[in-house]
Amino acid sequence: MSGILFVLVVVIFVVTVLFKLGPSYMSYMTMKSIMNGVAESPEPILGGKQAIMRVLENRMMVNDVRAVGVNAFSFKKAGEDAFDVTLKYEQREHLFFNVDAVLTFNHTVVVKGR
């Protein structure tokens, strides 16, 4: 009986962690997809950092991503007509009692722009 109870507690713990952390990872995977889509665009984005940020914000709005703010992005010149766009942020999720999980996300792409 105690073995079944132990297995049940472990299963409930794993399911709780998955339900709490799953949406954060799904938002990050959506952001990676958005950033990769912008980077793989065949045409350069005219307007520099502001135009790239506008495209990212529009795609975030369409995909209903609310966990990431515009301050999570950083831009660095990567050549004459390109920018390194980095998404870096932390997200804290409450699990149970006084236990929180801190998730750190980081992704960089090279975007053609002027």
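**Exercise 1.** How many bridges join S2 to S3?

Solution. The model is predicted: local features need pLDDT of at least 70, side-chain atom pairs count only at pLDDT 80 or more, and totals for chains, interfaces and linings use all residues. Residues are numbered from 1 along each chain as its sequence is written, and side-chain values use heavy atoms, with hydrogens and water left out. Strands are DSSP runs of E with at least two residues, helices runs of H or I with at least four, numbered from the N terminus. Two strands pair if DSSP finds at least two bridges between them. S2 and S3 run antiparallel and are joined by 14 bridges. Within this pairing, Gln91 stands opposite Leu103 in S3.

**Exercise 2.** Work out why one side of S1 and of S3 is left without a neighbour in the sheet.

Solution. The open sheet has three strands in the order S1-S2-S3, with antiparallel pairing. S1 (73–77) and S3 (99–112) stand at the edges with a single partner strand each, so one side of each lacks a neighbour in the sheet.

**Exercise 3.** Describe the setting of Asp84.

Solution. Asp84 lies in strand S2 (residues 82–96). Asp84 is buried, that is, under 20% relative accessible area with a 1.4 Å probe, protein chains only. Asp84 has no salt bridge, defined as a side-chain nitrogen of Lys or Arg within 4 Å of a carboxyl oxygen of Asp or Glu. The nearest side chain of opposite charge, Lys76, is 4.6 Å away. Counting contacts as heavy atoms within 4.5 Å, and leaving out residues up to four places away in sequence, Asp84 touches Ser74, Phe75, Lys76, Ala78, Thr108, Val109 and Val110.

Key
Buried means under 20% relative accessible area, exposed over 50%, partly exposed in between (1.4 Å probe, protein chains only). Lys and Arg count as positive and Asp and Glu as negative; His and the chain ends are not counted.
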